[in-house]
Each structure stands twice: as structure tokens, then as C-alpha cells.
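Hi everyone, thanks for coming. I have one structure to walk you through today, so let me put it up on the screen.

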Amino acid sequence: MLRNRRRLGAWLLAAVVLVVVLVLYDADRTGVSDPKAAPSATPSAALPGPATPAPTITPSPSATPSPSAPPGTGEPSPSATACTSPGACGYPDANSTGPRTALERHDTGNMSVKKDGTVIKGWDIRGSLDIYANDVTIIDSRITSTNWWGINLRPGYSGLKVLHTTITAVPGKGPDNGGVNYAVSNMGGSSIEVGWCDISVFGNALSMGQGDLHDNYVHALVAFRNQGGEWQHIDAVISGGGNKGRLTVRHNTLLNSTPVDKGATAAVGLFADTGVVSSVVVEDNWLAGGAYALYGGGPGATGIQVTGNVFSTQYHPASGAYGPVTAWNAGGAGNVWKNNRMSDGRPVDPAP
């Protein structure tokens, strides 16, 4: 009898031990005994597994501006990397533009070019070029103008190329009450190419309704009062509308540091001055300054594609004095606004 009682007590003790072990095992498995295992509102580090794609700086259509953000911009993306300067972020600057060879001085004055296929290479020109010919190329040169323009393509001619050239002027020496107006002007009826050029001083640096403008560095534009006594409008790129062909503005640094009260208008100004603005690509540029950094063509504009641009805060917190963009026609046929951001990573969306 005593032996049976001892045996029963041993079995009861074993059963109690087994129950305790099972309870502890179940608690450990479900995490009840570990407060860190409980669900939390704060995301935890990802468990090992397939790599998750890194977030991008592509603006979300639903991004809403914060009260302290400049007009037209949303909250910064947590993953966005700030761009500190054009050159540091892969955009053109003085080191990547202008002539690549030694230059020979030519005191041409205001010279007219009238022979088709003319190539000007390695010239240090003191004067300007007025082009009355087809397929003219200016390359690896420097132009210092005191005329209305640095290079001007006349109506009826085509095929002009201006490559790896510095185009500048002498402040106070121009014909427009001391000012100079156009670094490159396209009065012709077809596209021209301007690439890898260092452009400064002029009021409306690149003036045309059609052309291929790429890899240029436009900077240090100089304000002046025109012959009418008014501050000249200052733009790095300007188009007056009514163009028949396409204007492409791709991978340029376009700076307009001019004060607004001295005529600053835009880094890229698409205006319907002479007709409807249409068929324009503004892609992957560094834009800064002006009243607004970009004027988008106004109510009738169509076929305007503005994609992948950086709106720099180097002169104004909102890129332009009043904001990054204005006059954008969101409902225009073929108009596209996509992946544009501030230099600190905030997405840029036009005001409704």
C-alpha cells in the first residue's frame, strides 16, 4: 500500500512537471512572455529574405505640401539625396563646357557668315556672328560680343551647330542701353543645335522656338535697363511661342540669379508672346532663379513635357522667387509633368 502511494505520488509529480514544461513552451512559442514580440505601430527591421527595392525620389501624385514648404513642393522623401551643386550632381558647369583646345584670337567685329558649310573652330572671336548660310558649325571657340547677339541665325537658313563654345559679352558695352540681348538667337525656320556651351552675361541667353539645347551651362546673366528705360526681362532659355518645330531643353544647367526687381523672369520661359506654345521637351535640367524657375506656356499650351528636372534652392527656397513653376496647363493635350523635384528631394507639382 505504501509502495502504491509512493508510486502514485511520483506519477502526480511527473504530471505536474510535464504541465509546467508545456505551458512554458507554449508561452515562448507565442511570444506572450516577451513584450518585444507584441505588435507595434512602429515598423521593425525587415527579416532576412528577398531584397526590398530601395525607395526612389519619384514624387507621389498624392503628396501634399507641408505648411512650411515653399509653394508647389511637397514633403521631402526620406530617401532623397540633396544635390548641393550642379557639377556635384552630374550637371554641366565650367569644367564640362566651353572650348577643349587652344584658341587663336580673331578681332572680327560683327561678322556675317554667308558661305554654306562654314566651320569656325579654335577662334577667340572679339565680335559677333550673323549667319546667312546653311549648315554652319561653330566649335571649340570663344565669342565675346558687344552686339545685340553673340550668334544669330537669319530667317530662311538652317543647320546651325554651336558646340563646345564660350559665348559671353562685356557688361555695359552692348547696344541696348549698355545691355546685350541674345547669346544664340534662332530666327530661322528649323531646328539648331547648341551643346556643351558656357554662356553668360546676355539678357535672354538662348532665344528660340525650336532647337536642341543640351549640356549647356548658362549662368551669371546681367541685368540692364533697355532703351525704353525698363529693366530687360532676363531668362536663361526663352521661347515666344508660335513655333513650327520642337524645342528640346535637355540636361542643361540654367541659372538666373538676377533679382526680381531688376527683370528676372525665368530659368526656362515658355511664353505665348507670338503664338501658342507647343511641342517642347524640358528634361533632366538643373533650374534655379527667376520670378518662377519655369513658365509652362499658359492656358493654350500643348505637347509640353516637363520630366526629371531638379529645381535648385541655391537662390530662393522655392527655386524661383515666387515658386518653382507657373502657367502650367495641366489639361493641355500631350502635356506631361513627371518626376520633377527640388534639389533637397521634395517633389514639385504645379499649383492647380
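Let's begin with a pair of strands: β17, residues 253-256, runs parallel to β20, residues 286-289, and the two are joined by four bridges. If you want a place to look, find Leu 255, which sits opposite Ala 288 of β20. Please keep in mind that this is a predicted model.

Now stay on β20 and look at its pairing with β23, residues 310-311, which is also in the parallel sense, this time over two bridges. Here Leu 287 has Phe 311 of β23 as its bridge partner.

On to a bigger assembly. There is an open sheet of nine strands, paired in parallel, and its order reads β2-β4-β7-β10-β13-β16-β19-β22-β25. Which strands stand at the edges? They are β2 (119-121) and β25 (336-338); each has a single partner strand, so one side of each has no neighbour in the sheet. On average, and ignoring direction, neighbouring strands of this sheet are turned by 5 degrees against each other.

Let's zoom in on one pairing from that order. Strand β13, residues 211-214, meets β16, residues 247-250, through four bridges in the parallel sense. His 214 is bridged to Arg 250 of β16.

Next, the packing. As a general reminder, nonpolar side chains tend to be buried together in soluble globular proteins. In this model, the largest nonpolar core contains 54 residues, and Leu 129, Ile 151, Leu 160, Ile 167 and Leu 254 have the most contacts inside it. Take Leu 160: setting aside neighbours within four places in sequence, its contacts are Ile 131, Val 136, Ile 138, Ile 151, Leu 153, Ile 192 and Glu 193. There is also a second, separate core of seven residues, and among them are Tyr 217, Trp 286, Ala 288 and Val 310.

My last stop is Phe 271, in the loop between β18 (264-270) and β19 (278-283). Is Phe 271 buried or exposed? With a relative accessible area of 15%, Phe 271 is buried, because the cut-off for buried is under 20%. Beyond its neighbours within four places in sequence, Phe 271 is in contact with Asp 235, Ile 238, Ser 239, Gly 240, Gly 241, Thr 265, Val 277 and Tyr 295. Tyr 295 lies 24 residues from Phe 271 in sequence, with a C-alpha to C-alpha separation of 7.0 Å.

Notes. Residues are numbered from 1 along each chain as its sequence is written. This is a predicted model: local features need pLDDT of at least 70, side-chain atom pairs count only at pLDDT 80 or more; totals for chains, interfaces and linings use all residues. Side-chain values use heavy atoms; hydrogens and water are left out. Two strands pair if DSSP finds at least two bridges between them. Axes are lines fitted to C-alpha atoms, for helices over the stretch in contact, and angles run from 0 to 180 degrees between N-to-C directions. A nonpolar core is a set of buried Ala, Val, Leu, Ile, Met, Phe, Trp, Tyr and Cys residues joined through side-chain atoms within 4.5 Å. Buried means under 20% relative accessible area, exposed over 50%, partly exposed in between (1.4 Å probe, protein chains only). Contact means heavy atoms within 4.5 Å.
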